[in-house]
Amino acid sequence: MKTPLLTATALAVLIALPIAARAAEDDFAKTHPFATADKDGDKKISPDEYVAYVAPKTDAAAAKEKFAALDKDHDGYLSREEFRAGMGTKGKKKKGD
Ligand SMILES: [Ca+2]
Ligand SMILES: [Ca+2]
């Protein structure tokens, strides 16, 4: 028994793969946590943006504390690197203070 549908699907996958890969890259730029958090698109995360970004999980006071800890160069904003460092520590246990 022939399975033309399967063949067509396989062909479609082969054709779609490079397109999907490219779409995923675009998607990454758009849905990257940094881009998501950076509401005004100035390539840095302000305290307000950070608080808003973590709001569903973290209350404002805790978010501001975290922001201060992440802002290594103390310029009042999180750079992409600073922000990414924060992503890595998400969900870590709190220190006992
Ligand atoms: Ca911003
Ligand atoms: Ca900074």
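Okay, let's start in a loop: His74 sits between H4 and helix H5, residues 80–88. Helices here are DSSP runs of H or I with at least four residues, strands are runs of E with at least two, and both are numbered from the N terminus. His74 isn't a glycine, yet its phi is positive, about 55°. Is His74 buried or exposed? It counts as exposed, because there are 7 C-beta neighbours inside 10 Å. The cut-offs are these: 20 or more other C-beta atoms within 10 Å of a residue's own is buried, 12 or fewer is exposed, in between is partly exposed, and the C-beta atoms are placed from the backbone.

Quick housekeeping. This is a predicted model, where local features need pLDDT of at least 70 and side-chain atom pairs count only at pLDDT 80 or more, while totals for chains, interfaces and linings use all residues. Residues are numbered from 1 along each chain as its sequence is written, with chains lettered from A and ligands numbered from 1 in the order in which they are written.

Back to loops. Lys43, in the loop between H2 and H3, is another residue other than glycine with a positive phi, near 70°. Lys43 is exposed too, with 11 other C-beta atoms within 10 Å.

Now zoom out. The protein chain has 5 helices and 0 strands, so along the sequence you read α-α-α-α-α. Buried residues are 9% of the 97 in the chain. As for contacts, meaning C-beta atoms, placed from the backbone, within 7 Å: take those with a separation of 6 or more, and 29% of them join residues 24 or more positions apart.

Let's look at H3, residues 47–54. Which residues of helix H3 are buried? Glu49, Tyr50 and Tyr53. They sit on the same side of H3, because they cover an arc of only 100° around the axis, the arc being that of the directions from the helix axis to the C-beta atoms. These buried residues pack against helix H2 (33–37) and helix H4 (60–70). Tyr53, for one, touches Thr36 and Ala37, leaving out residues up to four places away in sequence.

How do H3 and H4 meet? Their axes come within 9 Å and cross at roughly 125°; axes are lines fitted to C-alpha atoms over the stretch in contact, with angles from 0 to 180 degrees between N-to-C directions. That makes the two helices oblique to each other. On the scale used, under 35 degrees is roughly parallel, over 145 roughly antiparallel, 65 to 115 roughly perpendicular, and the rest oblique. From H3, Pro47, Tyr50, Val51 and Val54 meet Ala60, Ala63, Lys64 and Phe67 of H4. Ala60 itself is partly exposed, with 14 C-beta neighbours inside 10 Å, and its C-alpha is 9.1 Å from that of Asp48, 12 residues apart along the chain.

What about the core? The largest nonpolar one has 6 residues: Ile45, Tyr50, Tyr53, Phe67, Leu78 and Phe83. A nonpolar core means buried Ala, Val, Leu, Ile, Met, Phe, Trp, Tyr and Cys residues joined through C-beta atoms within 7 Å.

Last stop, Phe34 in helix H2. Phe34 touches Arg80 and Phe83, again not counting residues up to four places away in sequence. Phe34 and Met87 are 53 residues apart in sequence, but C-alpha to C-alpha they are 9.4 Å apart. Phe34 is partly exposed, with 19 C-beta neighbours inside 10 Å.

Conventions: Contact = placed C-beta atoms within 7 Å.
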